[in-house]
Each structure stands twice: as C-alpha cells, then as structure tokens.
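Hi,

Here is the structure we talked about. Please look it over, then read the notes below.

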Amino acid sequence: MRIDLHTHSSRSDGTESPRGLVLAAREARLDVVAITDHDTTAGWEEASATAAEVGIELVRGMELSTRHEGRSVHLLAYLTDPADADLLAETERVVAGRRDRVPALLRKLNDAGVELTAEDVDRATPPGAVTGRPHIADALVARGLVASREEAFATVLGPNGPGYVRRYATPLLDAIGMVARAGGVTVLAHPWARSSRAVLDAATLARLRDAGLLGLEVDHQDHDDAVRAELRAVARDLDLVVTGSSDWHGAGKADHELGCNTTDPEQYARLRNAARDAAAAAGRADEADEARR
Ligand code: AMP
Ligand code: ZN
Ligand code: FE
Ligand code: FE
C-alpha cells in the first residue's frame with residue numbers, strides 16, 4: 001500500500017488540475033492519495049470523479065493557513081464536511097486575505113524596482129485558482145526576472161523580501177476546533193520545518209493534542225533524517241498519528257515527487273477511524289455520508 005496524504009492541484013498553487021493530480025498519482029503507483037489544496041475544497045469533486053474512474057482511493061483534505069504565536073503554521077484537515085458553514089466562512093476569509101493583498105504586494109515590488117503588473121499575475125494564475133505568492137513567483141519567472149519559484153521566495157517574496165505583505169491566517173487552536181466540529185481530523189503539516197519549529201516544541205504539541213490534534217506529518221522533505229527521528233519519538237510519546245507525504249505541487253516545487261514520502265497503512269487506518277469518530281461526534285455519520293467519502 002502506497003499512501004501519500006499531502007498534494008496540491010491548480011485549485012491552489014499546484015500546476016496540475018485535480019484530474020491531472022489523480023492521474024499522476026496512479027502513474028506513481030499510489031493506492032491512496034489525498035488532495036490538500038490550500039484553504040479550499042474546490043478540487044474535491046473533480047478529483048473524486050477521477051479517482052473512482054481509475055480505481056484509486058482519494059482522501060479529501062485541505063491545508064489550512066493558520067498562525068501560532070506570530071508564526072505561520074500549516075494544518076492538514078482531512079474528511080471534513082465541505083458544507084460546514086463555520087469552516088467554509090473561515091477558509092473564505094483566508095482566501096480573501098490572500099487575494100486582497102495582491103495590489104499592495106505589487107506596489108511594494110514596483111517600489112523596489114521590480115516591474116510586474118496585475119496582468120502578468122493574472123496570466124500566471126490558472127483558472128479557478130486564487131492568486132497566491134507562488135503564482136506571483138511564476139509571473140516573475142515568466143518575465144525572466146527570476147529563474148524559479150524558489151528564487152522568487154528567496155529574493156523578493158519571502159518574509160524578509162521587499163514584496164512581503166502579511167495576510168490573515170486562522171489562529172491554530174481555533175482551526176483545530178473548527179475542523180473537529182466539521183467532522184474531520186487534523187495533522188500538522190511539516191511542523192519542524194524551519195519557519196514553524198520555534199513555536200511547536202514538544203510541550204506545545206502535547207497541548208495541541210489535548211485540544212484535538214490527531215497527528216504529525218513526520219516524513220516530509222522539509223525534515224532531515226535527524227529531525228524525523230526526533231519528531232517520530234515525540235509523536236510516539238504523545239500517541240499522535242504519524243504521516244508521511246510528498247507535498248507535491250506538480251512542476252511547481254522541485255524534489256517533492258509523488259510518493260517520495262509515504263504513510264504507514266496502520267497509521268492511515270488510525271486516521272480513518274478517528275475521522276469516523278469525529279464525523280459521528282459532529283452528528284453526520286449516516287450511511288450516505290460514509291458512502292460519499
Ligand atoms: P501564500 O499562501 O500566498 O502566502 O503563499 C505561500 C505558499 O507558497 C506556501 O503555502 C507554499 O505552498 C508556497 N511556498 C512557500 N515557500 C516557497 C518556496 N520557497 N518555493 C516554492 N513555493 C513556496
Ligand atoms: Zn502550496
Ligand atoms: Fe505547507
Ligand atoms: Fe503543502
């Protein structure tokens with residue numbers, strides 16, 4: 001069983017459509033793949049239909065933009081009710097924040113002498129996606145101003161770059177609660193990547209578990225072997241589910257090939273069981289629901 005629980009389509013900042021994502025997952029010989037676009041379920045239907053067509057198991061997820069003690073923290077949310085009003089309103093707020101900062105970001109870039117227009121950015125945003133920094137990076141690449149998304153983030157778009165504009169993100173504890181009330185489960189994405197490790201020490205992870213956090217994405221390209229070993233030990237101590245995933249973005253992120261990290265089937269079974277319990281606790285565990293998942 002090859003299980004990859006973190007991927008992005010062009011409904012956020014990946015380069016392949018939801019259908020293309022699922023076809024690529026089959027090509028990569030995955031048995032289970034999760035679609036986890038940033039703050040949106042827009043790709044779920046197309047991905048589900050393709051998964052049914054090609055006989056691969058799709059897990060419906062999102063990667064939520066949250067903040068904890070001033071730092072950006074990414075939270076994977078799986079198997080939530082896509083119609084849950086609170087979660088929907090919150091993700092819409094995040095998406096609006098991402099979209100609405102673009103004019104200010106372009107002004108700052110222009111002030112810094114980087115000539116990029118709103119039209120450039122529109123051209124770089126696939127239909128149905130919300131413009132995020134990766135699309136602005138693509139626009140910079142198209143203009144020949146940088147060589148890659150990575151270079152764009154390292155020079156102008158990162159937190160210390162001249163084009164940085166802070167946007168809204170959900171407080172982490174609120175997000176964990178909201179996902180539970182929407183019948184889903186939460187796993188911290190790449191928790192010990194450089195940006196978030198400082199605010200996610202073991203004591204904090206214990207508190208987050210007590211607040212409902214289910215798991216930690218231990219096997220991720222942002223974690224080297226030493227970090228993985230240390231984080232795996234913390235997960236064991238805290239009885240948190242351990243996942244491993246690619247964080248694939250199609251051609252949008254180098255060295256994140258589908259299946260480059262995978263999740264142990266037993267850990268995946270724990271996640272599915274927890275999601276069933278969460279759905280029941282949220283009052284939506286009827287047969288039809290289960291069948292739809
Ligand atoms: P935004 O949500 O618009 O603020 O953009 C943040 C997103 O950009 C993250 O969620 C990543 O998917 C992507 N990203 C962050 N750093 C990099 C990088 N160095 N190279 C490519 N993509 C990145
Ligand atoms: Zn992304
Ligand atoms: Fe992330
Ligand atoms: Fe991601």
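Are E63 and H74 buried or exposed? Both are buried (buried is under 20% relative accessible area, exposed over 50%, partly exposed in between, with a 1.4 Å probe and protein chains only).

First, the ground rules. This is a predicted model, where local features need pLDDT of at least 70, side-chain atom pairs count only at pLDDT 80 or more, and totals for chains, interfaces and linings use all residues. Residues are numbered from 1 along each chain as its sequence is written, chains are lettered from A and ligands numbered from 1 in the order written, and side-chain values use heavy atoms, without hydrogens and water.

Donors are N, O and S atoms within 2.8 Å of the metal (3.2 Å for Na, K and Ca); water is not among the atoms, so sites may look incomplete. E63 sits in strand β3 (residues 57-68) and H74 in strand β4 (residues 71-78), so the pair ties together parts eleven residues apart in sequence. Helices (H or I, at least four residues) and strands (E, at least two) are DSSP runs, numbered from the N terminus. The zinc ion (ligand 2) is 5.8 Å from the iron ion (ligand 3).

**Helix α2**

Helix α2 (residues 44-54) buries W44, A47, T50, A51 and V54. The face turned away from the buried side of α2 carries the exposed residues E45, A52 and E53. After α2 comes G55, with a positive phi near 75°.

Best wishes
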